[in-house]
Structure formats: structure tokens, C-alpha cells
Amino acid sequence: MENITSSTPTVLKDSENSHVGLQIAFSLIAATSFTFNLLFCVMLLRNPVMLKKAHNILLFNLAVVDMLTGVFIVATPGYVILKSSYPVPHGAGGEVFCRLLSNRYLLFAMGKVSILLVACLAIERWFCVFRPMKYETHFSRKRVLIYVSVMFIVTCILSMNKFFEISLSGEKCVTKKAPYGKEGTRAFIVTYSVITFFIPCLLTWFTFADIAVHLPSSLSRSAIVETERKVQKALLRMCTLAAVALTFCGLPAQTIYTLSPFGITKIGSALHKAFNVLVLFNSCMNPFIYYFTNKEYRKAFKDLLGCKGKQSGRDLELETQVTG
């Protein structure tokens, strides 16, 4: 009995240290994600020629989503700010807070939109390489914005089950039994995971693999053709690395979440918390991937940060015109 009593303070201290460590990690992720994705958005806005391209519109929206992820990491209780320290609004505001923030609805919806954006980016690259005659029709600016809007709507609809699983009770957000029962919960979670994660990931990888295998080799001695091929490969490499990072960071936590209603895995376990850090860490990776793997974005970043003289719009257009 004495040994059990003496070990209790040690366990509590370890738990507190773990919470502090997670708070620091989430704070760093939130700050990095917001800052560097904001820089990427500003970089594109300062170079309107770049935003004429479909892939840059998709990357811009991906950066906005990742930037919002940084905001929601701070706004969602239990990450940067402990749930016990987070003030819950009263009345209708409290209901909105519980159903959108406390249950992590908005935070993880951003992650699913990111996955769909990367899948759309893979398809966009495929059309650019193999269906150039249809590319302008299917990936006009208007259509790309429609695709992005549909991704947000689909993600929000498929996450609707979370609205019924938590509500305001007095001054607290409390979990309640879902009206659709255990089987309904399983159906919601599996459908949500398959449509917003597993299918988009498979589609992304099949698409990039097809491009890599069948990317046309340049048989021409034309310098322009050879330059176009090199730029296409560089952009493909950058997009593929972004997809690798997204899949690697998201797969473990998504698998745990999908299996949890069947009692195979447990939400809130130490392993799940560690993989949650990995998922959210992905939101700050893309700007670094763009910088280190693509000359065009590296030059634009340096220009934004004043590391070199401003590049003329015509020079930038010459660099981007072959990227599709």
C-alpha cells in the first residue's frame, strides 16, 4: 500500500511533464505553420503571374488550409491551452464553441481538406502531362475554385456526426451518447475515413506513379523542350514529396481513429497523442518542401525576404509558362 501511495506523485508529475511537452510542441507547430504558410501566400499574391496557373491556385489554398490549422491548434482546447483553463462561452456561443472547436471538428476538417487538395493536385499534374488539350478546360481558374469549394463542403458534411456527440452543459462541453448508436458511429467513422483519407491517398499515389512511369522522354534537341521537361519533373518531384509527407504523417493517426469504434485501438492513448503531433506537424512542412525542392519558389521566397533584387514579371512568366 505504501509503495502504491509513494508512486502516485511520480505518476502525476510524469503526466504533467507530458502535458507541458505536448503544449510546447503544439505551440511551435502552430507558430511555424501560420508564419511560413502566410509567407507562401504573400509570395504568390505578390506574383500574380504565378496565380494564373492551376497548380499554384491549389497550392495557395493548401497553404491557407495549413495556416488555418495553425490557428485552430491554438483555438481548440487541449492543445496549446488546457481544457481546464479554457473559458467556455455561455448560451448559443457556447454551443457553437463546443460543436466546432471543443470536439476538434474544424481542426481535423482542415487536415481532410489538405488531403483532398493534394489528390486534386495529382490529377491536375496528370492532365497537364498527358491531356494538355483538355487541361485548360478542366483546370481553368473558375473550375479549380469550384473543386476547392466542393472539397470543403464534402468534408464538412462527412464530419457532421461530431455535432451530435458533444454539447454545452452549464459551463462545460460534455460528451453525450450519439443518437444513431454504436453501429451508426462505426458507419460514420469508416465512411468518413475512406472517402476523405484512404481513397484520396490511393488516388494520389496511383496518379503520381502513372506520371513517373509514363512521363514522356525528350527526344528533341530543342532547348525549350528539354527545359520544359526538366521543369515538369521538378514540379512533379515537389508535389510527390508533399504527398509523401502528408501520407506518412496522417496514416498512423487515421488508422487508429478508424479502428477505435471497433475496440481495436484507443483514442487518447499515448500512441495516439504522439501520432496526433505528427499529423499536425505536417501543416508546417510544405513551405520548406517548396523552398528546398523547387527553384521557382526558392527565388520568389528570396525576393519576398529581400535576399536578392526583385525579379521582373516577364522573367518570372518565362520561368512559369512551361509548368502548366
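This is a predicted model: local features need pLDDT of at least 70, side-chain atom pairs count only at pLDDT 80 or more; totals for chains, interfaces and linings use all residues.
Local features were taken at pLDDT of at least 70 and side-chain atom pairs at pLDDT 80 or more, whereas totals for chains, interfaces and linings use all residues. Residues are numbered from 1 along each chain as its sequence is written, and side-chain values rest on heavy atoms, with hydrogens and water left out.

The largest nonpolar core comprises 70 residues. Such a core is defined as a set of buried Ala, Val, Leu, Ile, Met, Phe, Trp, Tyr and Cys residues joined through side-chain atoms within 4.5 Å. The element that gives the most to the core is helix H4 (residues 105-130), with 16 residues; helices (H or I, at least four residues) and strands (E, at least two) are DSSP runs numbered from the N terminus. Beyond residues up to four places away in sequence, Phe 40 touches Leu 59, Phe 60, Ala 63, Tyr 290, Tyr 297 and Phe 301, a contact being heavy atoms within 4.5 Å.

One disulfide is present in the structure, the criterion being a pair of cysteine sulfur atoms within 2.5 Å. The bond joins Cys 98 to Cys 173, with 1.9 Å between the sulfur atoms. The angle about the S-S bond is -80°, and the link of Cys 98 and Cys 173 is left-handed. Cys 98 is buried, at a relative accessible area of 0%, while Cys 173 is partly exposed at 22%. For Cys 249, the closest cysteine sulfur belongs to Cys 284 and lies 8.8 Å away, which is too far for a bond. Cys 249 is buried, with a relative accessible area of 2%, and Cys 41 is likewise buried, with a value of 4%.

Four salt bridges occur in the structure, each requiring a side-chain nitrogen of Lys or Arg within 4 Å of a carboxyl oxygen of Asp or Glu. In one of them, Asp 303 pairs with Arg 46, the closest N and O atoms being 3.8 Å apart. This pair links distant parts of the chain: Asp 303 is in helix H11 (residues 295-304), and Arg 46 is in the loop between helix H1 (2-45) and helix H2 (54-75), 257 residues apart. Asp 303 counts as buried at 10% relative accessibility, whereas Arg 46 counts as partly exposed at 39%. Another salt bridge joins Glu 95 and Arg 99, with 3.0 Å between the closest N and O atoms. Both residues lie in helix H3, four residues apart, about one turn of the helix. Glu 95 is partly exposed, at 27% relative accessibility. The side chains of Glu 124 and Arg 125 also form a salt bridge, with an N to O distance of 2.7 Å, and both residues are buried.

Ala 242 is located in helix H8 (residues 223-259) and is buried, at 6% relative accessibility. Apart from residues up to four places away in sequence, Ala 242 touches Asn 286 and Ile 289.

Methods:
Buried means under 20% relative accessible area, exposed over 50%, partly exposed in between (1.4 Å probe, protein chains only).
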